[in-house]
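Please read this note with the model open beside you. Each point can be checked by eye or with a viewer.

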Amino acid sequence: MFLQQLMNGLTLGSVYALIALGYSMVYGILELINFAHGEIYMLGAYFGIIFLGFLTAAGLTAYSLPLSLILTLILSILFCSAYGFTIEKIAYKPLRNAPRLSPLISAIGVSIFLQNYVMLTQGATDKVFPNLFGTAGFRFLSVRMTYLQLCIILVSIILMIGLRLFVRKTRIGKAMRAVAQDKTMASLVGINIDTIISVTFIIGSGLAAVAGVMVAMYYGLVNYFIGYVAGIKAFTAAVLGGIGSIRGALFGGLLLGLVESLGGSYISGEYKDAYAFILLIIILLVKPGGLFGKTDLEKV
Amino acid sequence: MKNDPALLNSNRSGIHSTAKLFLVACWLSLLFLPFKGLKNAVIFFLILSTVLFFMKFLSGYKGFFLTTIKGATDRIRQLVSASRSSIVLLRSLLLLSLVMLPFLAGDYFVDVAILSCIYIILALGLNVVVGFAGLLNLGFVAFYAIGAYAYALLNTKFGLGFWSALPFSLLLTTISGFLLAVPALRLRGDYLAIVTLGFGEIVRLVLNNWDSITRGPNGISGIDPPFILSISLGKISSYYYLVLFFVTLTFLITKRVYSSKIGRAWIAIREDEIAASVMGINTTLYKLYAFAFGAFWAGLAGASFAAKMQFVSPESFTFMESVLILCMVILGGLGSIPGVIVGAFLLILLPEVLREVQLYRMLALGMGLVVLMIFRPQGLFGGKGASLRN
């Protein structure tokens, strides 16, 4: 029972971690809580259903399931990245020099807009993701694990390692770190700040799209309001691990997933959603920098 | 007109910007494509490009419109300020129509007016926290919920009437305002916003799950309306006068506090916290006051809401409600009391008037927030100085 819950928690946690990365990266660079990020994840889940349905209708799924799934994933990533890019250009870029709370309110506006946009175009009822894998799985140390769960954990970890390598090794990654450290200085050494910010949004949204598609597969049901709760939880995960740090997002996400699934089964399932908030409040009060982050002083 | 730089600009880069608009419309339609299919995306593209080109066309005449509007408002202002008696006349006309409303309008309209009044109290309360002290509170609805549930429970479980339950209910919300503020005020800016949001969600989850007391999602029904001298105020028109009284009370008191020493301290904190603390203002204490004072009004609104509906359920106290109240404050103008009243009134009245577009209300609200932040962050009536800061 305990190990089983641990496994479920890890699956959930790796999804939170993927979404948390988007928050973390954007916050690292813009110091903005991208409230609409959860909605990107929700869009990803919807795109998963829409594109898979389209490919199935086109006959590709019957021909080759893996190919069709990969195509679905790629299309979802592309569209979510496009949404992330557009949102930044429309709602955040004009406010870059505005007082700090203006972009946050703008982000809340985007979030509300996207929720209702999806509700109006896709309907308010649950959408079903076709059950492609059944409950096929294996047993390991008395823990039952489906292949899908394993797949979610593996994909998340691979993506995170890939992101870490990208940020550490590539030119753009280095530029991103430079912008996160000091925007003015970075622009003085010839880094195009706008491009870097766009890249950040594109990567973050792509990761959220992967999380969305995988969750849609895992739970099988998607609704237009899943983004809000998942967004808040992922934000909690990002803060928990120390916002702005990739490693922090990973551990924060896993920790939150474990707390939720263990708390949900041992304390009370009804308050499952409240654990994230309580954890968030405690962390912000006790160690505002998060587990891996550093607290910096406010400069006058 | 001749020297209008916007017009010159649009002429010079006419072709370039037209192509750009076309691309923008194409791009947004592409984003729309997966949701509704090709046919709708094409329709969307046509509508969007027409709207964009129209807006572009209008923006060429921006200067002309601005001067016209400014001229018109100046003329009105001149007319009004020409004689003090006209201000008095206008005010008394407004007051008279407010007092006479139940005799002039039907029950439906009075009902909407009551709802507006409750939201005006809420918005004025939130305005104290966000507009005066500059602390973004995204969980304001929690206090509204606590006020409503406090009255509902005191009334249904202990049989207390409205007037004897109200002090307890207000005390409880004020204390909960303090309780949230004590830990939350160590945080700044957006972290504070997220913690207050978490607080709002926790309160809602507790109301939703604590079945033995709050009866969960079913809510509490059979709440008594208030009585005055054993006359029930259950009737819509008589209840209207009660909330009108409450609104007047809220208006007068927040106005007085705003111009008092405490209000000045709040504004100083909003404008620059560090400077304020250097000037000897105990920032933590005054922020505490702001939270508790704002919560107090939310409690009043909550109790009025419970007494009016005679039913409460967690559904009425979601995060969206917090956002709606915040929108009222921002739309009207942060820190401007008349602005906030107009904002609350508009956001309640508009969807009622435009019944057909009610489905699109939240869509428009979201878009409106973004547009407002970009073009007029100080809100419709916000004066200079009232701004969002850390």
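1. Basis. This is a predicted model, in which local features need pLDDT of at least 70 and side-chain atom pairs count only at pLDDT 80 or more, while totals for chains, interfaces and linings use all residues. Residues are numbered from 1 along each chain as its sequence is written, and chains are lettered from A and ligands numbered from 1 in the order in which they are written.

2. Chain B. The chain has 16 helices and four strands; helices (H or I, at least four residues) and strands (E, at least two) are DSSP runs, numbered from the N terminus. Of the 390 residues in chain B, 39% are buried (20 or more other C-beta atoms within 10 Å of the residue's own, with C-beta atoms placed from the backbone). The domain assignment gives domain 1 (5-67) and domain 2 (105-375), bounds that come from an automatic or database assignment. Taken over C-alpha atoms, the centres of these two domains of chain B are 39 Å apart.

3. Chain A with chain B. The contact takes 41 residues from chain A and 37 from chain B; two residues are in contact if their C-beta atoms, placed from the backbone, lie within 7 Å. On the side of chain B that touches chain A, α8(B) gives the largest share, eleven residues. That side has 26 nonpolar, six polar and five charged residues (Ala, Val, Leu, Ile, Met, Phe, Trp, Tyr, Cys and Pro count as nonpolar, Asp, Glu, Lys and Arg as charged, and the others, Gly among them, as polar).

4. A helix pair in chain A. Helices α10 (residues 226-241) and α11 (residues 246-266) of chain A pack at an angle of about 120°, with axes 7 Å apart. Axes are lines fitted to C-alpha atoms, for helices over the stretch in contact, and angles run from 0 to 180 degrees between N-to-C directions. The pair α10(A) and α11(A) is therefore oblique (angles under 35 degrees count as roughly parallel, over 145 as roughly antiparallel, 65 to 115 as roughly perpendicular and the rest as oblique). Residues of the contact of α10(A) with α11(A) divide into eight nonpolar, five polar and one charged.

5. One residue. A:Y27 lies in helix α1 (residues 2-30) of chain A. Is A:Y27 buried or exposed? A:Y27 counts as buried because it has 20 C-beta neighbours inside 10 Å. Leaving out residues up to four places away in sequence, A:Y27 touches A:L32, A:I33, A:I243 and A:G244.

Key. Buried ≥ 20, exposed ≤ 12 C-beta atoms within 10 Å, placed from the backbone.
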